[in-house]
Amino acid sequence: MTNKNNKINDEEDGKPSSKKSYFIAEFALRTDPIQERKVLIKFNALTSIYNQLLSHLFKQDELMKSDPLFIRLTVKWKKNKEKLTELKNRLLLLNKEKNSNEDGKRKITELKKSIKSEEETKKLLQHQFTAYKEKYCLHYSYIENLATRIKKNSWIASHLDSHTVQTTAKRVYSSWEDFIFKRKGKPRFRTEKRPLK
């Protein structure tokens, strides 16, 4: 009630309302044993697909990380990152000093060229990382296709629609990506005690 009154007062003053009112109502559903069984089968199917996709991602990721060429690539990436940081810090220091003489301007120009060169190297390394992800089947389109193939070639086909399967694939891939880029912890496999929600 208070939110509605605030909204009216704000609109009268000519200001747009910043607060929105939301109301949630929950109703317990009466289900019979057949409906409950169907829902449980669907959740078991989703859990199965989720675990298979996650297993694929972890296995392929381990294979990729054990590849000697990939290890060299990660070393190059770290060196490039450190060098870029160092060059940018040096440029900031030179800009703060406000070197207006010829020598200062020359140093700034050289640093900018070096930074540009290192950023081009960074782009090349990013393309190589993308190529490795494709080589080891660690890109989203492959995961989505894998989920569809799992669905079509198993008992799951009669229980789940393609949209649900694709949504599950997206969920698995985003949780794995969050783990790889250290945004979140390692995704866990689902069990009967920890099912998909």
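About 790 Å³ of space lies in the largest pocket of this predicted model. On a 1 Å grid over the protein atoms alone, a pocket is an open set of points where a 1.4 Å probe fits, with protein on both sides within 12 Å along at least five of seven lines. Its volume is the space filled by probe spheres set on the points, which are joined across faces, edges and corners.

Who lines this pocket? There are 19 lining residues, and Phe-70, Thr-74, Phe-129, Ile-180 and Phe-181 lie nearest the centre. To count as lining, a residue needs an atom within 4 Å of a point. Helices α2, α3 (68-97), α4 (102-135) and α6 each give two or more residues to the lining, and α3 has the largest share, with six. Helices here are DSSP runs (H or I, at least four residues), numbered from the N terminus.

Now for a pair of helices. Helix α2 (residues 33-66) packs against helix α6 (residues 162-180) at an angle of about 35°, and their axes are 10 Å apart. Those axes are lines fitted to C-alpha atoms over the stretch in contact, and angles run from 0 to 180 degrees between N-to-C directions. The crossing is right-handed, meaning that the near helix is turned clockwise from the far one by less than a right angle. Among the residues that meet are Leu-46, Tyr-50 and Phe-58 in α2, and Val-165, Ser-175 and Trp-176 in α6.

Here's how the two sets of residues divide by class:

Take a look at Ser-175, which sits in helix α6. Leaving aside neighbours within four places in sequence, Ser-175 is in contact (heavy atoms within 4.5 Å) with Tyr-50 and Pro-187.

The structure also holds nine salt bridges, each a side-chain nitrogen of Lys or Arg within 4 Å of a carboxyl oxygen of Asp or Glu. One of them joins Lys-65 and Asp-61 at 3.1 Å, N to O. These two are four residues apart in helix α2, so about one helical turn separates them.

Most residues other than glycine have a negative phi. Cys-137 has a positive phi, near 55°, and lies in the loop between α4 and α5 (140-152).

Residues are numbered from 1 along each chain as its sequence is written. In this predicted model, local features need pLDDT of at least 70 and side-chain atom pairs count only at pLDDT 80 or more, while totals for chains, interfaces and linings use all residues, and side-chain values use heavy atoms, without hydrogens and water.
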